[in-house]
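Work through the exercises below with the sequence and the model open. Try each task before reading its solution.

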Amino acid sequence: MYHITRRYGFAASHRLHARQLGAEENRRLYGKCNNPYGHGHNYVIEVSARGPADERTGRVLDTGRLDQLVRNQVLTPFDHRNLNAEVGAFHDVVPTSENLAIEICRRLKTNWSTVFPGEWPKLHKIRIAETERNIFEIEADEIQ
Amino acid sequence: MVITRKVEFSASHICRNPQLSDEENRELFGLAANPHGHGHNYVVEVSLQGDPHPLTGMVLDLKELKEILNREIVAPYDHRFLNYEVPPFDKVVPTTENIARDIWQRLEPHLTSADRHLYSVRVYETPDLYVDYYGEQPCTT
């Protein structure tokens, strides 16, 4: 059994603000991250797949195809964007890195079979580093 | 408990399956099929699982682990052309996956004992691409 992991990056801005809560409560809850003008990060994401190595190619997957999927589903829509204003999923959901991990994982899982139609490889895990010190992981099996 | 030690080696390779045509190889492996080869600075992280020995407090003496890694991995792999100089890569395509498996097979007999076993072999081909191998367990889920 192999896990193969590929690392990507994008830069985006966001503001942590829960609409259901008042201004003061948002400030208390999110602190600096609630700044009304927003702020940004250089996000680093790692996408892991699992499976056996193909006998003919010696590989678990074609990294070019994975790049294409991640580019279409994540990098193009997220890079140099304001997540709250420009990504539909975050109109009503606070773009914390937890929610960002869920959204990225959902997009990749939903579209996985268009690029990898066989039984293997399977999407295994998403790891997102908001900064070098704040890291979030979610396994694809946790997503419906 | 899992302990990990890292070693590095530099090597060249060609990703090419001799059973396939030049065109099929180019389509499958792209630039990596260039017949003159190309190289990487590989980084290998070897992880062992076990309980610390009650007397020494160690799963395995890291100095001993370092010697094993240098002897079994760095010595045969470093500054070599894998396809030409390091069996089984005269017959097996030296993808990162197959390199991880070969490293596992070289190390396993030296590292597994009653109170510890080889847990995983991670091979970085570049900082942006790495493979974790967990042995010959079948893929079921």
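**Exercise 1. The fold of each chain**

How many helices and strands are there in chain B?

Solution. Start with the ground rules. This is a predicted model, in which local features need pLDDT of at least 70, side-chain atom pairs count only at pLDDT 80 or more, and totals for chains, interfaces and linings use all residues. Residues are numbered from 1 along each chain as its sequence is written, while chains are lettered from A and ligands numbered from 1 in the order in which they are written.

Now count. Chain B has four helices and five strands. Both kinds of element are DSSP runs, numbered from the N terminus: helices are H or I with at least four residues, strands are E with at least two. Their order in chain B is β-α-β-α-β-α-α-β-β. Chain A also has four helices and five strands, and its pattern reads β-α-β-α-β-α-α-β-β.

Next, take the box around the C-alpha atoms, along the principal axes. For chain A this is roughly 60 × 25 × 25 Å. For chain B it is roughly 60 × 35 × 25 Å.

**Exercise 2. The interface**

Find which elements of chain B touch chain A.

Solution. Step one: count contacts, meaning residue pairs whose C-beta atoms, placed from the backbone, lie within 7 Å. Here 18 residues of chain B contact 19 residues of chain A.

Step two: assign them. α4 (96-111) and β5 (129-133) of chain B each supply at least two residues of this side. β5(B) gives the largest share, five residues.

Step three: look at strand pairing, which requires at least two DSSP bridges between the strands. Strand β1 (residues 2-14) of chain A and β5(B) run antiparallel, joined by five bridges. One pair to locate is His3(A) with its bridge partner Asp132(B).

**Exercise 3. The nonpolar cores**

Identify the residues that touch the most other members of the largest nonpolar core.

Solution. A residue is buried if 20 or more other C-beta atoms lie within 10 Å of its own, exposed if 12 or fewer, and partly exposed in between, with C-beta atoms placed from the backbone. A nonpolar core is a set of buried Ala, Val, Leu, Ile, Met, Phe, Trp, Tyr and Cys residues joined through C-beta atoms within 7 Å.

The largest core has 48 residues, and those touching the most other members are Ile104(A), Val44(B), Ile103(B) and Val123(B). Beyond its neighbours within four places in sequence, Val123(B) contacts several residues, including Tyr42(B), Ile99(B) and Tyr130(B). Another core, of six residues, lies apart from the largest one; among its members are Ile14(B), Leu28(B) and Phe29(B).

Note on methods
Contact = placed C-beta atoms within 7 Å.
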